[in-house]
Amino acid sequence: MTIVSRIASEVHLMLRRPPRQQYAALCYRQRKKQEQVEVLLITSRDTGRWVIPKGWPMEGKKSHAVAEREAYEEAGVKGKVGREPIGHYSYAKGMEGGLKINCKVQVYPLEVKDMLKDFPEKGTRRAEWVNCQEAAARVQEPELKVLFHRFAQMMLNGGDIVPAPEEAR
C-alpha cells in the first residue's frame, strides 16, 4: 500500500461517522372487506420515490412520538402508535450539495384512525394505500422491503412480531 493510499484510507476512516438516527411510522389500516392489511406510502419531496413518514429526533419527545408526529406532518394521518419498534432499515440520505449521510431508521407501527384534509406538508407529496407486497415492490431500500413482508406476516399472525432472521438466532 502506498503512503498516499494509506493516508487516504485513514482520512476516510476518521471522517466516517456512525449512522444518524431517524424514526418512522409504518401507517396501516385493516379494511373490513379485505383480508390483507393496507399500508400508506408517500413520496419523498426531493426525488419523488416511495417512502414512509420519517424524521429526526425531537427534543423532549420519545421515539414513537416522533414517528407519530411525522405521520401527521407528512401524510396527514392520526391514529394509535405502537410504543415498541417493529424493526429498522438503513439508507443513504442525500443532503444539499450532494453529500450523503448514512441513516438508521427505527420503525413504529401506527394504526390509522383518521385522515386529515389539512396538514403541514399537504400538496408536497403523493400518498397511496397499498398492500404490503406492493409497498415492498415500490420502495428502494432492501431492509424496508423485508420489513413490509415481515409486517404482513405479523398481521396474519394476529399482530405477533415475526423476528428478523438476525433476531431469530
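Author: Welcome! Let us start with one definition: the expected span of a helix is 1.5 Å times one less than its number of residues. Please keep in mind that this is a predicted model.

Reader: Thanks! How far apart are the end C-alpha atoms of helix α4, and what should the helix span?

Author: Helix α4 covers residues 142-156, which makes 15 residues.

Reader: Which residue with a positive phi follows α4, and what is its phi?

Author: The residue to look for after α4 is Gly 158. Its phi is positive, near 75°.

Reader: Let me step back. What pattern do the helices and strands follow along the sequence?

Author: The protein chain has five helices and eight strands.

Reader: Where in the protein chain is the confidence lowest, and where is it highest?

Author: Across the protein chain, pLDDT averages 87, and 85% of the residues score at least 70. The lowest confidence is in helix α5 (residues 165-168), with a mean of 48. At the other end, with 98, is helix α2 (residues 63-75).

Reader: Which element supplies the largest share of the largest nonpolar core?

Author: That core has 26 residues, and Leu 26, Val 39, Leu 41, Ile 52, Val 107, Phe 148 and Phe 151 have the most contacts inside it. At least two residues each come from β1 (20-30), β2 (37-43), β6 (87-94), β7 (100-115), α3 (132-138) and α4. The largest share, six residues, comes from α4.

Reader: How many residues does the other core have?

Author: Another core lies apart from the largest one. Cys 27, Val 51, Val 77 and Val 112 are among its members. Its number of residues is 16.

Reader: Which residues of α4 are buried?

Author: To be buried, a residue needs a relative accessible area under 20%. In α4, the residues that count as buried are Leu 144, Leu 147, Phe 148, Arg 150, Phe 151, Ala 152 and Met 154.

Reader: Is Ala 24 buried or exposed, and which residues is it in contact with?

Author: Ala 24 sits in strand β1. Its relative accessibility is 0%, so Ala 24 counts as buried. Leaving aside neighbours within four places in sequence, the contacts of Ala 24 are Ile 52, Pro 53, Lys 54, Ala 67, Val 105, Gln 106, Val 107 and Tyr 108.

Reader: What is the relative accessible area of Cys 27, and how many disulfides does the structure hold?

Author: Cys 27 is buried, with a relative accessible area of 0%. Cys 103 also counts as buried, because its relative accessibility is 1%. A disulfide is a covalent bond between the sulfur atoms of two cysteines. In this structure, the number of disulfides is zero.

Reader: How many residues apart in sequence are the parts that Glu 141 and Arg 49 tie together?

Author: The side chains of Glu 141 and Arg 49 meet in a salt bridge, at 2.6 Å from N to O. Glu 141 lies in the loop between α3 and α4, and Arg 49 in the loop between β2 and β3 (50-51), so the parts tied together are apart in sequence by 92 residues.

Reader: Where do the salt-bridge partners Arg 125 and Glu 74 lie, and how many residues apart are they?

Author: The side chains of Arg 125 and Glu 74 meet at 3.6 Å, N to O. Arg 125 is in the loop between β7 and β8 (127-131) and Glu 74 in helix α2, so this pair links distant parts of the chain, at a separation of 51 residues.

Technical notes. Residues are numbered from 1 along each chain as its sequence is written. This is a predicted model: local features need pLDDT of at least 70, side-chain atom pairs count only at pLDDT 80 or more; totals for chains, interfaces and linings use all residues. Side-chain values use heavy atoms; hydrogens and water are left out. Helices (H or I, at least four residues) and strands (E, at least two) are DSSP runs, numbered from the N terminus. Buried means under 20% relative accessible area, exposed over 50%, partly exposed in between (1.4 Å probe, protein chains only). A nonpolar core is a set of buried Ala, Val, Leu, Ile, Met, Phe, Trp, Tyr and Cys residues joined through side-chain atoms within 4.5 Å. A disulfide is a pair of cysteine sulfur atoms within 2.5 Å. pLDDT is the predictor's confidence in each residue, from 0 to 100. A salt bridge is a side-chain nitrogen of Lys or Arg within 4 Å of a carboxyl oxygen of Asp or Glu. Contact means heavy atoms within 4.5 Å.
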